Amino acid sequence: GGDELEPELLLQEARENVEAAQSYRRELGHRLQGLREAQRQIKESASQTRDVLRQHFNDLKGTLGKLLDERLVTLLQEVDTIEQETIKPLDDCQKLIEHGVTTAEDLVREGEVAILGGLGEQNEKLWSFTKKAAHIQLDSLPEVPLLVDVPCLSAQLDDSILNIVKDHIFKHGTVASRPPVQIEELIEKPGGIIVRWCKVDDDFTAQDYRLQFRKCTSNHFEDVYVGSETEFIVLHIDPNVDYQFRVCARGDGRQEWSPWSVPQTGHSTLVPHEWTTGFEGYSLSSRRNIALRNDSESSGVLYSSAPTYFCGQTLTFRVETVGQPDRRDSIGVCAEKQNGWDSLQRDQAVCVSTNGAVFVNGKEMTNQLPAVTSGSTVTFDIEAVTLGTASANEGGNFKLRPFRIFFIFTIYFHFLWTER
């Protein structure tokens with residue numbers, strides 16, 4: 001029967017090769033797509049940068065032109081003012097002299113007529129002329145200023161401004177091949193995403209970062225964080241919806257923000273933790289993530305509305321206020337929701353009572369934690385530990401032995417001390 005096996009194996013191998021080639025082609029297709037996106041990013045950002053540069057320098061030209069025109073108008077007005085103010089007294093003097101010339105001409109004519117008439121019957125004329133001549137002071141002449149004492153306008157202009165401006169213009173603006181900050185990773189949390197970013201330009205000293213996000217369906221980004229940290233948890237994220245994040249930085253002592261990082265897309269599959277509604281003993285906040293015990297008589301365990309806590313996650317409770325203590329009061333996590341209990345000090349649960357006692361499966365442990373007070377935070381860490389053997393090789397068949405998963409809880413505790 002060995003002969004029939006050969007073609008079977010051959011066929012099997014051929015099928016496997018076809019599958020491998022198909023998946024290889026698929027992979028190459030993905031890579032081509034990635035390359036196209038990379039090329040598009042370079043081309044689009046280059047063309048955008050060209051537009052920005054042209055626009056900016058055109059604006060500068062316009063502004064510089066306006067400034068130069070304004071300065072020219074100012075200087076021309078100064079020339080006008082000096083000219084008008086200094087020419088006025090000369091004009092007045094001119095009028096005076098012209099008036100004197102007319103008077104003198106009249107006097108000359110009158111005198112000549114009187115003289116021609118001789119001493120006879122014209123005596124009267126000579127007499128009145130002499131009287132008139134004596135009345136006009138023929139020796140009083142007005143002052144005419146010397147040319148050296150009169151303004152001689154000029155413009156002082158040097159080309160040093162060109163050198164100053166030239167130096168500034170030659171250093172103005174830079175082109176960067178990449179933004180100075182990039183988003184490093186996005187980590188999903190229940191109802192949130194932790195965004196981490198880092199500097200990629202060693203010469204850039206950042207004093208502030210600015211993080212923005214938007215739903216992929218929205219047109220505009222909004223600020224969620226401005227500060228000196230390099231990570232931030234963005235909350236109120238709808239589960240299974242894509243969000244885009246981008247970050248920029250402000251250089252040391254600068255006013256303007258750097259260019260934006262390449263936007264990164266992220267989402268969270270984890271629904272936010274919420275308390276179960278409709279439980280009489282507690283009132284809940286509008287987002288159902290804060291529970292406050294009320295005066296109602298009913299007591300019992302307040303559970304989260306869904307089992308939203310998984311392996312590898314941390315879960316933190318923060319205690320804002322503390323009322324009258326009760327030995328059953330505790331904070332904890334359990335494997336399943338069991339109604340009818342008035343405390344998590346029961347089987348399949350791990351909890352910390354308000355006096356700091358630790359209970360596992362309802363038994364009190366020897367390790368004691370500090371008592372829970374206002375401002376305490378309790379953090380649970382969960383990881384899976386597998387016990388049992390995986391496989392045994394028996395005659396070419398692989399048999400899986402059953403194995404069990406246990407949950408190991410680690411409890412962290414820290415306090416925020418408040419001044420009394």
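User: Which residues does Val 247 touch, not counting those up to four places away in sequence?
Analyst: Val 247 touches Val 181, Gln 182, Ile 183, Trp 197, Tyr 209, Arg 210, Leu 211, Pro 259, Trp 260 and Ser 261. Contact means heavy atoms within 4.5 Å.

User: What kind of model is this, and what pLDDT do its features need?
Analyst: The model is predicted: local features need pLDDT of at least 70, side-chain atom pairs count only at 80 or more, and totals for chains, interfaces and linings use all residues. Residues are numbered from 1 along each chain as its sequence is written, and side-chain values use heavy atoms, without hydrogens or water.

User: What makes a set of residues a nonpolar core?
Analyst: Its members are buried Ala, Val, Leu, Ile, Met, Phe, Trp, Tyr and Cys residues, joined through side-chain atoms within 4.5 Å. The largest such core holds 16 residues. Val 195, Trp 197, Leu 211, Val 234, Phe 245 and Val 247 touch the most other members. Strands β1 (181–189), β2 (192–199), β3 (206–215) and β6 (243–251) each supply at least two residues. β6 gives the most, with four. Another core lies apart from this one, with 14 residues, including Tyr 309, Val 350, Val 358 and Phe 380.

User: Why is Cys 93 called buried?
Analyst: Its relative accessible area is 16%. Buried means under 20%, exposed over 50%, partly exposed in between (1.4 Å probe, protein chains only). Cys 93 is therefore buried.

User: Why does Cys 152 fall in another class?
Analyst: Cys 152 has a relative accessible area of 71%, so it counts as exposed.

User: How many disulfides does the rule give?
Analyst: The count is zero. A disulfide needs a pair of cysteine sulfur atoms within 2.5 Å.

User: Why is Glu 110 neither buried nor exposed?
Analyst: Its relative accessibility is 30%, so Glu 110 counts as partly exposed. Glu 110 sits in helix α1 (residues 2–116). Setting aside residues up to four places away in sequence, it touches Phe 129 and Lys 132. Lys 125 is 15 residues from Glu 110 in sequence and 8.8 Å away in space, C-alpha to C-alpha.

User: How do you know that β12 and β13 pair?
Analyst: Strands pair if DSSP finds at least two bridges between them. Three bridges join β12 (residues 349–353) to β13 (residues 357–360), and the strands run antiparallel. Cys 351 has Phe 359 in β13 as its bridge partner. These two strands form a hairpin with three residues between them, and Gly 356 in the turn has a positive phi of about 100°.

User: What makes β14 a partner of β13?
Analyst: β13 and β14 (residues 363–368) share three bridges in the antiparallel sense. Val 360 stands opposite Lys 363 in β14. This is a hairpin too, with two residues between the strands; Asn 361 in the turn has a positive phi of about 50°.

User: How do you know that the span of α3 is close to the expected one?
Analyst: The expected span is 1.5 Å times one less than the number of residues. Helix α3 (residues 160–171) has twelve residues and reaches 17 Å between its end C-alphas, close to the expected 16 Å. Gly 173 follows α3, with a positive phi near 80°.

User: What makes up the secondary structure of the protein chain?
Analyst: It comes to three helices and 18 strands. Helices (H or I, at least four residues) and strands (E, at least two) are DSSP runs, numbered from the N terminus.

User: How much of the protein chain counts as buried?
Analyst: Of its 420 residues, 20% do.
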